[in-house]
Amino acid sequence: MERHSDELLITAEALSVYAELTDDYNPIHMDPAFAAGTVMKGVIAHGTLSLALIWQALARQTEAPQTGLLLDIRFIKPVRLGDWVHAGARPGLPGEYEVWVANDRDEVVIAGTATFPCN
Amino acid sequence: MKHPSQDSLEHRVVDVVDFARLQVGHVYGVHELLLSSRLVDNWCRLYRHAMRDDRMPAGMMSVVSIRAFMALIPSRPPGGIHAGQQFTIEELPRVGELLHTQLCCVRKEARQGRLWVDLEMECRGADGRALFRGKHIALWAR
């Protein structure tokens, strides 16, 4: 099945690549043994790993320009190893898109808005 | 007389930026990052992103801001949570540019048992032109 650029499978390799990109090697993202002993009870992905998909969704699913855009999101739920996450964008209030990232259980993990300046 | 290692330990303990030590209005410094083609290529492979021009993919604003955050406030109490994020784009930088990201604490508030901290980031090119701004919304651990 073809997957789009606004979707991502959360693998250990993806987390490793993202840790190198961001220089964020927090063991909660990297070390299963460490993460199992935390309140998260297992490895979770960097929040911004999934956030990036929203930009891809805005580019692919809308004609929204990027310059001047205000993206405002909250991290709702942790993303786990093995999750498939996908991002979406749909028109909301005038001048605004509702944006989100959801996992393959249709749970929203990131939610927010992309707002464009008034002309 | 203190052993030099004792000075180092005390320095490390004092250096942890807990909630009490955060200062609203304090600029934690400016982080430099070369937006190398290697960095961008690794990003594009991870996200299957097709570059349309020589501009940084918008999602990489997180890379720039997280690197600045990790470098400019390296000693944080463990257990903090990245609760939210804002970004505003003026212009996306070009691959090969040297980026300068300033980090400033703009809010801290203890509310309903949680320690909220907003850190604003402003990224500029080497020529000083504004590129993008971000706000890292965090729950500080203590």
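Buried area is the accessible area (1.4 Å probe) that two parts lose on being put together, summed over both. The legends below use this term for the two chains of a predicted model, in which local features need pLDDT of at least 70, side-chain atom pairs count only at pLDDT 80 or more, and totals for chains, interfaces and linings use all residues. Residues are numbered from 1 along each chain as its sequence is written, chains are lettered from A and ligands numbered from 1 in the order in which they are written, and side-chain values use heavy atoms, with hydrogens and water left out.

**View 1. The two chains, each on its own.**
Chain A has four helices and five strands. Helices (H or I, at least four residues) and strands (E, at least two) are DSSP runs, numbered from the N terminus. Along the sequence of chain A the pattern reads β-α-α-α-α-β-β-β-β. The C-alpha trace of chain A spans about 50 × 30 × 25 Å along its principal axes. Chain B holds three helices and five strands. Its pattern along the sequence is α-β-α-α-β-β-β-β. The C-alpha atoms of chain B fill a box of roughly 60 × 40 × 30 Å, taken along the principal axes.

**View 2. The interface of chain A and chain B.**
The area buried between the two chains is about 2600 Å². Carbon and sulfur atoms give 58% of that area. On the side of chain A, Leu21(A), Trp55(A) and Phe75(A) lose the most area to chain B. Together they account for 23% of what that side buries. Counted by contact (heavy atoms within 4.5 Å), 31 residues of chain A meet 28 residues of chain B.

**View 3. Polar contacts, and what chain A brings to the interface.**
Eleven residue pairs are in polar contact across the interface, both residues at pLDDT 80 or more. A polar contact is a pair of N or O atoms within 3.5 Å; within protein, one must be able to donate a hydrogen and the other to accept it, and residues adjacent in sequence count only if both atoms are side-chain atoms. On the side of chain A that touches chain B, the elements giving two or more residues are strand S1 (7-9), helix H1 (12-22), helix H4 (47-61) and strand S2 (70-75). H4(A) gives the largest share, eight residues. The residues of this side divide into 16 nonpolar, eight polar and seven charged. Here Ala, Val, Leu, Ile, Met, Phe, Trp, Tyr, Cys and Pro count as nonpolar, Asp, Glu, Lys and Arg as charged, and the others, Gly among them, as polar.

**View 4. A salt bridge between the chains.**
Side chains of opposite charge can pair when their charged atoms come close. A salt bridge is a side-chain nitrogen of Lys or Arg within 4 Å of a carboxyl oxygen of Asp or Glu. A search of the whole structure finds 18 salt bridges over all chains. One pair crosses from Arg38(B) in helix H2 (residues 37-47) of chain B to Glu20(A) in helix H1 of chain A. The N to O distance in this pair is 2.9 Å. Across the interface of chain A and chain B, the rule finds one salt bridge.

Ten strands form an open sheet, in the order S1(A)-S3(A)-S4(A)-S5(A)-S2(A)-S2(B)-S5(B)-S4(B)-S3(B)-S1(B). The pairing is antiparallel; two strands pair if DSSP finds at least two bridges between them. S1 of chain A and strand S1 (27-34) of chain B stand at the edges, each with a single partner strand, so one side of each is left without a neighbour in the sheet. The twist averages 20 degrees from one strand to the next, with axes as lines fitted to C-alpha atoms and angles running from 0 to 180 degrees between N-to-C directions.

**View 5. Strand S2(A) and its two partners.**
Five bridges join S2(A) to strand S2 (residues 81-89) of chain B, and the two run antiparallel. Arg74(A) stands opposite Gly84(B) in S2(B). Six bridges join S2(A) to strand S5 (residues 108-115) of chain A, again antiparallel. In S5(A), Arg74(A) faces Ala111(A).
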